[in-house]
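Student: I'm about to look at a structure that is new to me. Could you walk me through it while I ask things as they come up?

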Protein chains: 2
Amino acid sequence: MSKYKKSRLAPETFPSLPPIAGFDMAVAEAGVRYTGRTDLWVLRGQAGTALAGVYTKNNMPGAPIVWSRKALVAGNKYERDVQLVVVNSGTANVFTGEAGKKAVLETASGAAAAFGGAVNTVQIASTGVIGEPLDASKVTAQFSDMNKRMDSGGWAEAARAIMTTDTYAKGATAVADIAGVKVTLNGIAKGSGMIAPDMATMLAYVATDASLPREVLQELLSEMTKTTFNSITVDSDTSTSDTLLLLASGAAGGPEIEDASDPRLKDFRAKLHDVLLDLALQIVRDGEGATKFIQINVTGAQSDDSAHRIGLALANSPLVKTAIAGEDANWGRIVMAVGKCGEPADRDKLSIRFGDHVVAKNGFVAASYKEVDGANYMKRQDIVLSVDIGLGLGEAVVYTCDLTHGYIDINADYRS
Amino acid sequence: MSKYKKSRLAPETFPSLPPIAGFDMAVAEAGVRYTGRTDLWVLRGQAGTALAGVYTKNNMPGAPIVWSRKALVAGNKYERDVQLVVVNSGTANVFTGEAGKKAVLETASGAAAAFGGAVNTVQIASTGVIGEPLDASKVTAQFSDMNKRMDSGGWAEAARAIMTTDTYAKGATAVADIAGVKVTLNGIAKGSGMIAPDMATMLAYVATDASLPREVLQELLSEMTKTTFNSITVDSDTSTSDTLLLLASGAAGGPEIEDASDPRLKDFRAKLHDVLLDLALQIVRDGEGATKFIQINVTGAQSDDSAHRIGLALANSPLVKTAIAGEDANWGRIVMAVGKCGEPADRDKLSIRFGDHVVAKNGFVAASYKEVDGANYMKRQDIVLSVDIGLGLGEAVVYTCDLTHGYIDINADYRS
């Protein structure tokens, strides 16, 4: 799919994603930019499907984001309608002016005509090069044929159709219990660069047959975004197209639940978080050029938010990331990165661990630390860095990858 | 000096720096970490030398920074004394606990004993690896011999002694007129990585024979840091050891000036700014792995501070920096970086230029823009990127370099 070699951090296989009752879909080769591969996906949720969404905070959003935000709100009025999601890869349709708006409207109109539903509730996402207009006719020309092929299976094909520089397709699935009713969750995602909160630069779609109102879905999604997609970073750059949608068809039936804090959602919450985190971490593991997966645990900060910011400062530091790429247990750069971010921290209370090895504490290298232990630990593929700030109870976990020659290779010639 | 090839962006030669009346100096091979090169510099200003300083804002400052900040204040009480500056390369003496404090005190005591002056006004800086203690005896062992060799010349040798990963020595000189009195300014600097505000990660020393009180020097230095050393970035990482000192021996004599806004300082201000900016840009031109020098002009922002932050977001974006490394006129990434930093901006008012080529305006690619013009422009060694936000009168200029394989090479094996 990608012209780059599959990431060495990739999962061995794409998981088996079962059909989800109430949804069907199709993919196509629209030829937006790529040739010889699919680049278009349409997902349809049956009438009554509820939808929640989180979008990029980048101030320069693409036309699809502007449209989809409105569509999310408009959806309130069309709850009994079919819900459509249209995603193309190859062009992001960002910074494309009036032409961009027109392309989105054409796509939505064409989709509603072909697949049913209201034009102004169609969710649209485009991913790829910024600044090049999308020829919507290439997309809409596929709809009639796709409508004939709509099928309840095809999640793996969908995950492949939305890829750009991804080196593997990303999916996750789980089964949850809501008051004795078994529901299934499927998720797919794409993303490998321009990945940083808020929110992590990517597209992700999670569908379930649970019967939950949009307000509950939105609350769950917004809450869980923080510890999943907003806790990953590849390169500190935030895309103009980030989209995370959660759709619930209601086909599994079950009790009416009107509050996200309802205790009957305990298992569903846990499984939804699992799926979101799994997808988020798969994006990190496909980080452009990544050779190491890095988990950063921050404890003892003045607040959880402060811990989160310290974690991201570490995760985005080019010097920390290159040291790890070089398998160099260069904890001095960790000290630097904690210090540079402006969050409350005290040199003489800071402690640092690589895995279980205490490297530094009380403003100095730990007496027990041996360079050879650090050096050996850094040879691992998955690295856990822990810093304790020693000031309070704030905690956060952040995930990233190393910065390597591969990142430069990919990004110095992306458009060529 | 460095094991890396001289930066292709380097000035052709080191400028000829004349002696400055009232100062003498020496360098030595103390063997702190390096062998076969100098790694120690002592600068002495005659009795009455005034001093101003700006230090890193990193929360994890090294022992030399903690000491030197106090020494700057203590200097108020010892204005009639000799002023000493001691700089070593090889070890940063950062995160070295009690041992670090002890090393600093030993160095200051040894210096005052050998070269004169008060112990607690000695300015000390160390640059190199973080987390390794400094063996102060290696430094102090050199002082007696250095004292015999103290000389008014030697600025080029000093610039070389303080280098770490620098691929060339950095110096600048200027002559200014203060009310008919000719004064000279010399500056030297080191730095090529862990370079970001505040302040740009580096050591820089400027000496002049002008007769100016420390309050005036401090005001000038603090004011000019913003548009020089705080407007450069190589990798967004801020060192724990940044130091910028301005020393004035008073040997040139001249009128008593007590106010930094005195109109008689007009020429001195301009020349001091020239020297500071020249040194700052030499650091960017030696940015680790740099192949392109990038000037970013931001206009039309809501305030100067906002423009500065937008400029830095562009200058620190890995995707912008790798695109330039790849000579790719990928203006979409510029849109992304303006949008991601959270500063007020409006997609439909943004315009972007590469040199004189208008690339994008009004939320779309400019009708007059030809890809071939952008592609040709990107082949230049010095690139000027201009973005106009279209909202207000805020302006800033920021300087950086591209992100290349060379950066990874240097930083993935710095300690090896």
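Student: Which residues of α8(A) meet α10(A)?

Tutor: In this predicted model, Ile310(A), Ala313(A) and Leu314(A) in α8(A) meet Ile334(A), Ala337(A), Val338(A) and Lys340(A) in α10(A). Two residues are in contact if their C-beta atoms, placed from the backbone, lie within 7 Å, and helices (H or I, at least four residues) and strands (E, at least two) are DSSP runs, numbered from the N terminus.

Student: And by class, what does the contact of α8(A) with α10(A) have?

Tutor: That contact has 6 nonpolar, no polar and 1 charged residues. Here Ala, Val, Leu, Ile, Met, Phe, Trp, Tyr, Cys and Pro count as nonpolar, Asp, Glu, Lys and Arg as charged, and the others, Gly among them, as polar.

Student: Before we go on, how are the residues and chains labelled, and what should I know about the model?

Tutor: Residues are numbered from 1 along each chain as its sequence is written, while chains are lettered from A and ligands numbered from 1 in the order in which they are written. Since the model is predicted, local features need pLDDT of at least 70 and side-chain atom pairs count only at pLDDT 80 or more, whereas totals for chains, interfaces and linings use all residues.

Student: OK, at what angle do the axes of α8(A) and α10(A) cross?

Tutor: The axes of helix α8 (residues 304–316) of chain A and α10(A) cross at roughly 130 degrees and come within 9 Å, where axes are lines fitted to C-alpha atoms, for helices over the stretch in contact, and angles run from 0 to 180 degrees between N-to-C directions. That makes α8(A) oblique to α10(A), given that angles under 35 degrees count as roughly parallel, over 145 as roughly antiparallel, 65 to 115 as roughly perpendicular and the rest as oblique.

Student: Is the crossing of α8(A) and α10(A) left-handed or right-handed?

Tutor: The crossing of α8(A) and α10(A) is right-handed; a crossing is left-handed if the near helix is turned anticlockwise from the far one by less than a right angle, and right-handed if clockwise.

Student: Now chain B: how do the axes of α8 and α10 lie there?

Tutor: In chain B, the axes of α8 (residues 304–316) and α10 (residues 331–340) come within 8 Å and cross at roughly 130 degrees, and α8(B) passes α10(B) in a right-handed crossing. The meeting residues are Ile310(B), Ala313(B) and Leu314(B) in α8(B) with Ile334(B), Ala337(B), Val338(B) and Lys340(B) in α10(B).

Student: How many residues of α8(B) are buried?

Tutor: In α8(B), 10 of its 13 residues are buried, so the helix is mostly covered; a residue is buried if 20 or more other C-beta atoms lie within 10 Å of its own, exposed if 12 or fewer, and partly exposed in between, with C-beta atoms placed from the backbone. The buried residues of α8(B) pack against β10 (293–301), α9 (318–325), α10, β14 (382–388) and β15 (394–401) of chain B.

Student: What about α7(B), what do its buried residues pack against?

Tutor: The buried residues of α7(B), including Phe268(B), Leu279(B), Gln282(B) and Ile283(B), pack against β6 (170–178), β7 (181–190), β8 (203–208), α6 (214–227), β10 and β15 of chain B.

Student: And where does Lys170(B) lie, and what does it touch?

Tutor: Lys170(B) lies in strand β6 of chain B and is buried, with 29 other C-beta atoms within 10 Å. Not counting residues up to four places away in sequence, Lys170(B) touches Ala159(B), Ile188(B), Ala189(B), Lys190(B), Leu279(B), Gln282(B) and Ile283(B).

Student: New topic: how many residues of chain A are in contact with chain B?

Tutor: 50 residues of chain A are in contact with 50 residues of chain B. α10(A) gives the most to the side of chain A that touches chain B, with 8 residues, and by class that side has 22 nonpolar, 21 polar and 7 charged residues.

Student: Last one: Asn93(A) and Asn362(A), buried or partly exposed?

Tutor: Asn93(A), in the loop between β4 (83–91) and α2 (97–115) of chain A, counts as buried with 33 C-beta neighbours inside 10 Å, and its phi is near 55 degrees, a positive value in a residue other than glycine. Asn362(A), found in the loop between β12 (357–361) and β13 of chain A, is partly exposed, with 15 other C-beta atoms within 10 Å, and has a positive phi of about 55 degrees although it is not a glycine.
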